[in-house]
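Hi,

Here is the structure I promised to pass on.

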Amino acid sequence: MTENVGPIDASQNPRYSGIATFARLPRIEDVPRADIAVVGIPFDSGVSYRPGTRFGPSHVRESSRLLRPYNPAQDVSPFAIAQVVDAGDIPVNPFDITAAVNEVESAAVALGEQVSRIVTIGGDHTVALPLLRAVAAKHGPVAVLHFDAHLDTWDTYFGAPITHGTPFRRASEEGLIDLTASCHVGTRGPLYSKQDLEDDERLGFSIVSSEYIEEHGVEAGIQRILQRIGDRPLYVSIDIDVLDPAHAPGTGTPEAGGLTSRELLRILRALSATTIVGADVVEVSPAYDHAQMTGIAASHVLYELVTLIAAQLARD
């Protein structure tokens, strides 16, 4: 087997130079094979408040220039044990949500035939629906671990059934998720009514809220998460607004009282024994960011996900 191609050597080529691929990794067309593809979806036509997440993928890539090849927290060199590449962006229709969703699904299915795992940079959370369709077509219904300030299981906005606030209701209705093993983490803030929670439970989700983690601690939250998802194939979907606005101001629907970046990274690292079959990090809106705070947080979250998946593939 040929040696994996890793990031550009920062001791030979300054970090601030060159094309901004994720973590300065090779492009998919520049290597003979790939195990994990990082792909962007520059789409925000499904947002209900602040727009701008169509610029999220490029912002996160720019913010990832300082990432390094060895992850000491997981004791893994992900780019050495797996060929990780940047697959560029999926071009989607900015005027027609239905067309865009179909384009994302088709592109994800095609990319999934080239690589073992896809990790996506959004874009708004609408993209989770077509990504789950592609994953479920390959693995069957999956456990969904959804980090978000919001439930994203509402029904419609202005009569539209597919928006960034509805992907997990549609996914549940379409049979894409395991109703016994899916979980929201970090939810908080006001809802429309108590019915939102009752509907969410019926749709197959348990909740580890931001308040629960504050009251009981991160370790207690981790145990509830691991118990819930069990050994099912796992899809991890992370809305960056799960973080408190102090840690991630650059997002479309911020809510006070969120997780710290350290808490989120700690929870992700606890997934080392799970089988992650896909992941996304969405809702980075750079126009509202400051000093790349949100972009840096998102890039580190992606790095932890890639590390987890690389280590899992190496064990298989």
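A residue is called buried here if its relative accessible area is under 20%, exposed if over 50%, and partly exposed in between (1.4 Å probe, protein chains only). The model is predicted, so local features need pLDDT of at least 70 and side-chain atom pairs count only at pLDDT 80 or more, while totals for chains, interfaces and linings use all residues. Numbering starts from 1 along each chain as its sequence is written, and side-chain values use heavy atoms, leaving out hydrogens and water.

Aromatic pairs first: rings of Phe, Tyr and Trp (its six-membered ring) pair if their centres lie within 6.5 Å, with planes under 30 degrees apart counted as stacked, over 60 as edge-to-face and the rest as tilted. That rule gives three aromatic pairs. One of them is tilted: Phe-79 and Tyr-303, 6.1 Å centre to centre with 55° between the planes. This pair links distant parts of the chain, 224 residues apart, with Phe-79 in helix 2 (residues 78-81) and Tyr-303 in helix 10; helices (H or I, at least four residues) and strands (E, at least two) are DSSP runs, numbered from the N terminus. Phe-79 is buried at 5% relative accessible area, and Tyr-303 is buried at 6%.

Phe-168 and Phe-205 form an edge-to-face pair, 6.1 Å centre to centre and 75° between the planes. Phe-168 belongs to helix 5 (residues 167-173) and Phe-205 to strand 6 (residues 205-208), so the pair ties together parts 37 residues apart in sequence. Phe-168 is buried at 0%, and Phe-205 is buried at 4%.

Enjoy exploring!
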